[in-house]
Amino acid sequence: MVLNNIEKLLEKYENGETTLKEEQVLKNYFLQDTVAPHLEVYKPLFTYFMVNQQEQFTKDVPLKTTRKFNYKWISVAAVAVLMLGVYFKMASTNNLGTIKDPEMAFKEVSKSLEMISKNFNKGASTVGYLDEVNKGTATLSYLNEIENITSIIFKANH
C-alpha cells in the first residue's frame, strides 16, 4: 500500500502536481535505507535536495563603497562647452557678406544667378531622354492592357 502511494506521488511529482506535504513524504521515503529496487533511481534526486538544504553560504561579500570617477561625463561636458563656444562665436560675427554698393551687389547677384541658370540648363538637357522613356512605358502599359483583355477572353471561351 505504501509503495503504491509512493509511486502515485512520484507520478504527480513528475507532472508538477504535488503539494509541499506530498514532496516531504517523498523526501522522507527516499532518505530511508530501504527503498524499493525499481525506485532506486529517484533516491539520488531527493537526497541531493536534502543535502542542498543543509548548505550554508559562508563567503564574505565585499561591499564597494568607493565611487569611481566617471570620465565619460567630463568628455560630454567638454564637448558641450566647445559647441556653445563655437555657436556664440559664430553668432557674434555679423559679417554675412553684405555689399554696401548697390551696383556691385547687383553685379554679384546677376553673376550668381547666371551660374545657377547655366548649371540648371545643363542638368535639364541631360534628362531629355526621360521623355522617350515615358513614351516607352506608356506603350508597355497599353500592351499589358491588351494582354489582360485577351487572357480574359480566352478564359471565357474555355
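The model is predicted: local features need pLDDT of at least 70, side-chain atom pairs count only at pLDDT 80 or more, and totals for chains, interfaces and linings use all residues. Residues are numbered from 1 along each chain as its sequence is written, and side-chain values use heavy atoms, with hydrogens and water left out.

**Whole chain.** Show the C-alpha trace. It spans about 115 × 85 × 20 Å along its principal axes.

**Surface.** Colour by burial. Buried residues (under 20% relative accessible area, 1.4 Å probe, protein chains only) make up 9% of the 158 residues.

**Cartoon.** Expect six helices and zero strands. Helices are DSSP runs of H or I, at least four residues; strands are E runs of at least two; both are numbered from the N terminus.

**Helices 1 and 2.** Select residues 2-14, then 20-31. Their axes, lines fitted to C-alpha atoms over the stretch in contact, come within 10 Å and cross at roughly 125°. Helix 1 is therefore oblique to helix 2.

**The contact.** Show side chains. On helix 1, pick L3, I6, L9, L10, K12 and Y13. On helix 2, pick E22, E23, V25, L26, Y29 and F30. Contact means heavy atoms within 4.5 Å.

Conventions:
Axes are lines fitted to C-alpha atoms, for helices over the stretch in contact, and angles run from 0 to 180 degrees between N-to-C directions. Angles under 35 degrees count as roughly parallel, over 145 as roughly antiparallel, 65 to 115 as roughly perpendicular and the rest as oblique. Buried means under 20% relative accessible area, exposed over 50%, partly exposed in between (1.4 Å probe, protein chains only).
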